[in-house]
Amino acid sequence: MTSVTIQRKWHTTAEVAEMLGFSLSKTKTLVLTGEIRSVKIGRNRRILPDWVDEYVNRCASEAVERWSA
């Protein structure tokens, strides 16, 4: 029997908060302001892993720009 690992395609806001080490309310604010992209499916928000990476990379780039100025 072959074991298959299923990887999630979407993350919940709570999962993203845990990944980033942020509170749930801060993460919800980032989602609602559009700083972290999301899609609304029914009553829930879902976030692609690439969108989390996009947010982290943007924050890192802005930090580098501030420190090099």
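# A tour from one aromatic pair

A search of the whole structure finds one aromatic pair. Start there. Keep in mind that this is a predicted model.

Which parts of the chain does the pair tie together? Trp10 sits in the segment before α1 (13-20), and Trp51 belongs to helix α3 (residues 49-68), so the pair links parts that are 41 residues apart in sequence.

Now show the surface. Is Trp51 buried or exposed? Trp51 is buried, because its relative accessible area is 15% and the cut-off for buried is under 20%. Trp10 has a relative accessible area of 33%, so Trp10 counts as partly exposed.

**Stop 1: Thr27.** Move to helix α2, residues 24-32, and select Thr27. The relative accessible area of Thr27 is 0%, so this residue is buried.

What is Thr27 in contact with, once neighbours within four places in sequence are left aside? Select Thr13, Val16, Ala17 and Phe22 to see these contacts of Thr27.

**Stop 2: the whole chain.** Zoom out and switch to a cartoon view. Three helices and two strands come into view. Trace the chain from the N terminus: the elements run α-α-β-β-α.

Next, look at the overall dimensions. Along the principal axes, the C-alpha atoms fill a box of roughly 55 × 30 × 20 Å. The radius of gyration of the chain is 15 Å, whereas a compact globule of 69 residues would have one near 11 Å.

**Stop 3: contacts and surface.** Colour the chain by burial. Of the 69 residues, 17% count as buried. Trp51 is buried, and Thr27 is buried too.

Turn to contacts between residues at least 6 apart in sequence. Of these, 43% join residues at least 24 apart.

Bring the surface back. The chain exposes about 5600 Å², and 54% of that comes from carbon and sulfur atoms.

**Stop 4: the charges.** Finish by colouring the charged residues. How many positive and negative charges does the chain have? There are 11 positive and 8 negative charges, and their mean positions lie 10 Å apart.

How values were computed
Residues are numbered from 1 along each chain as its sequence is written. This is a predicted model: local features need pLDDT of at least 70, side-chain atom pairs count only at pLDDT 80 or more; totals for chains, interfaces and linings use all residues. Side-chain values use heavy atoms; hydrogens and water are left out. Helices (H or I, at least four residues) and strands (E, at least two) are DSSP runs, numbered from the N terminus. The radius of gyration is taken over C-alpha atoms; the globule rule is 2.2 Å times the number of residues to the power 0.38. Buried means under 20% relative accessible area, exposed over 50%, partly exposed in between (1.4 Å probe, protein chains only). Contact means heavy atoms within 4.5 Å. Accessible areas come from the Shrake-Rupley method with a 1.4 Å probe; for residues, only the protein chains shown count as cover. Lys and Arg count as positive and Asp and Glu as negative; His and the chain ends are not counted. The place of a charge is taken as NZ of Lys, CZ of Arg, CG of Asp or CD of Glu. Rings of Phe, Tyr and Trp (its six-membered ring) pair if their centres lie within 6.5 Å; planes under 30 degrees apart count as stacked, over 60 as edge-to-face and the rest as tilted.
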